[in-house]
Amino acid sequence: GESKKTTCLYFSIDGKAPTEEPILYLNGDGVIDAENTCKINNMCFPSNVAPSYAPEGKSLVSVSLIGIPPETDEQAAEKVKDQMADWFGPEAKGWKFLKSYRIPYCQPNGEPPSLRDKEVKVDNFVFVTGDHRETASLNGALRSGTRCGEAVYEAIKPILLPKGQKLVDDFAKSKGIDSVSPFMSFMKPACGRIPLFPGSRIQQAADILIAVQRLGDLLTPHPSCG
């Protein structure tokens with residue numbers, strides 16, 4: 001289906017915001033109440049969270065709409081201020097309009113039936129991730145990223161393992177070190193130190209790339225060894 005659209009408007013307030021709470025306000029008006037309005041979705045005062053977002057003595061307002069209004073930015077801003085006056089009092093009509101951003105693709109369409117677990121590998125060593133491969137949500141984006149990371153790991157593992165093994169074997173041989181099961185020796189504490197390598201599958205590939213450096217570290221006496 002069609003992607004979700006939004007419009008973000010920003011206003012400046014002389015002085016403090018009408019509330020000091022660092023929260024996101026959701027529109028609780030009913031569908032009928034929203035008729036002939038700009039359909040505010042949510043709003044907040046970012047400078048309540050980070051004062052540096054506004055000059056000293058001023059506050060920043062952020063308002064997000066559902067969809068893209070047909071009005072000009074200035075006309076939409078006036079309608080928004082009228083709605084904000086219902087929420088925070090008539091002082092809202094004095095807010096100074098700063099900027100508007102019309103975003104035609106802010107979120108993938110999440111209307112059912114939505115397809116999950118879309119393939120993340122689209123070609124050899126070409127991967128794609130994002131909430132458009134899962135559900136249109138933060139959880140969907142995180143899950144897609146996890147699946148993509150696993151797919152990348154499986155793709156590069158056959159390449160990195162042999163190359164990493166050869167690098168370590170060659171380095172060990174040049175130093176006259178027994179290279180039998182060199183990766184196993186890396187996991188043993190040197191002079192009682194705790195191993196540095198985490199055990200997650202994805203990080204194992206990265207561990208291989210630093211194995212040579214690790215081996216070099218083991219050749220250098222540690223201060224705790226005297």
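This is a predicted model: local features need pLDDT of at least 70, side-chain atom pairs count only at pLDDT 80 or more; totals for chains, interfaces and linings use all residues.
Local features required pLDDT of at least 70 and side-chain atom pairs pLDDT 80 or more, while totals for chains, interfaces and linings use all residues. Residues are numbered from 1 along each chain as its sequence is written, and side-chain values use heavy atoms, without hydrogens and water.

Seven salt bridges were found in the structure. A salt bridge is a side-chain nitrogen of Lys or Arg within 4 Å of a carboxyl oxygen of Asp or Glu. One of them pairs Glu 71 with Lys 79, at 2.6 Å from N to O.

Asp 73 and Arg 102 form another salt bridge, with an N to O distance of 2.9 Å. This pair links distant parts of the chain, 29 residues apart. Asp 73 lies in helix 2 (residues 73–88) and Arg 102 in strand 5 (residues 96–107). Helices (H or I, at least four residues) and strands (E, at least two) are DSSP runs, numbered from the N terminus. Asp 73 is partly exposed at 25% relative accessibility. Arg 102 is also partly exposed, at 32%.

Within helix 2, Glu 78 and Lys 81 are three residues apart, or about one helical turn. Their side chains meet in a salt bridge of 3.2 Å, N to O. Glu 78 is partly exposed at 43%. Lys 81 is buried at 8%. Elsewhere, salt bridges with shared partners join Glu 134, Arg 143 and Arg 147 into one network.

Key:
Buried means under 20% relative accessible area, exposed over 50%, partly exposed in between (1.4 Å probe, protein chains only).
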